[in-house]
Amino acid sequence: MNTKIYLAIAMTAAALSLSACHQADTQSEAAEAAAAANNAADASANAARESAEAAAAATNEAADRASVAMDNAADKSREVANDAAAGAAAATADAAQATADAASKVADKAEDTAKKADQEAAERK
């Protein structure tokens, strides 16, 4: 009967040992899973940070390009306005010259008419 008790104790010890091994494996797997989850979380956080940095860099670059484009447009607008003002000034100068030329012709005609009038008056005397 002692043998049966020893055998029962041995079988119980074996079962407990097997259970302990299984529990240790489960705990080891759980620890590995937790470590993997932690690594995945770190990788996700790093990817999110890198993505945010890339988005910020792209936004800054786009803002810089927009600023340059606006400056270029303003420069071109100033050039066009200056060209238009120069053209208007040239047209005004041309018109003033034409007016002066016409006035000179009218004055010449008036002088000729006055001379003829003087001659006719002198001939009548």
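Colleague: How many salt bridges does the structure hold?
Modeller: This is a predicted model, and the structure holds five salt bridges.

Colleague: Take Glu53, then: which residue does Glu53 form a salt bridge with, and how far apart are the closest N and O atoms?
Modeller: The partner of Glu53 is Arg49, and the closest N and O atoms of this pair lie 3.6 Å apart. Both residues belong to helix H1, which covers residues 2–124, and they sit four residues apart, about one turn of the helix.

Colleague: Moving on to Arg78, which side chain does Arg78 meet in a salt bridge?
Modeller: The side chain of Arg78 meets that of Asp75, with an N to O distance of 2.4 Å. These two residues also lie in helix H1, where three residues, about one turn of the helix, separate them in position.

Colleague: And what is the relative accessible area of Arg78?
Modeller: For Arg78 the value is 47%, so Arg78 is partly exposed, while Asp75 counts as partly exposed at 35% relative accessibility.

Colleague: What about Glu79 and Lys76, what is the N to O distance there?
Modeller: The side chains of Glu79 and Lys76 meet in a salt bridge at 3.9 Å, N to O. Because Glu79 and Lys76 are three residues apart in helix H1, about one helical turn separates them. Glu79 itself has a relative accessibility of 44%, so it counts as partly exposed.

Conventions:
Residues are numbered from 1 along each chain as its sequence is written. This is a predicted model: local features need pLDDT of at least 70, side-chain atom pairs count only at pLDDT 80 or more; totals for chains, interfaces and linings use all residues. Side-chain values use heavy atoms; hydrogens and water are left out. A salt bridge is a side-chain nitrogen of Lys or Arg within 4 Å of a carboxyl oxygen of Asp or Glu. Buried means under 20% relative accessible area, exposed over 50%, partly exposed in between (1.4 Å probe, protein chains only).
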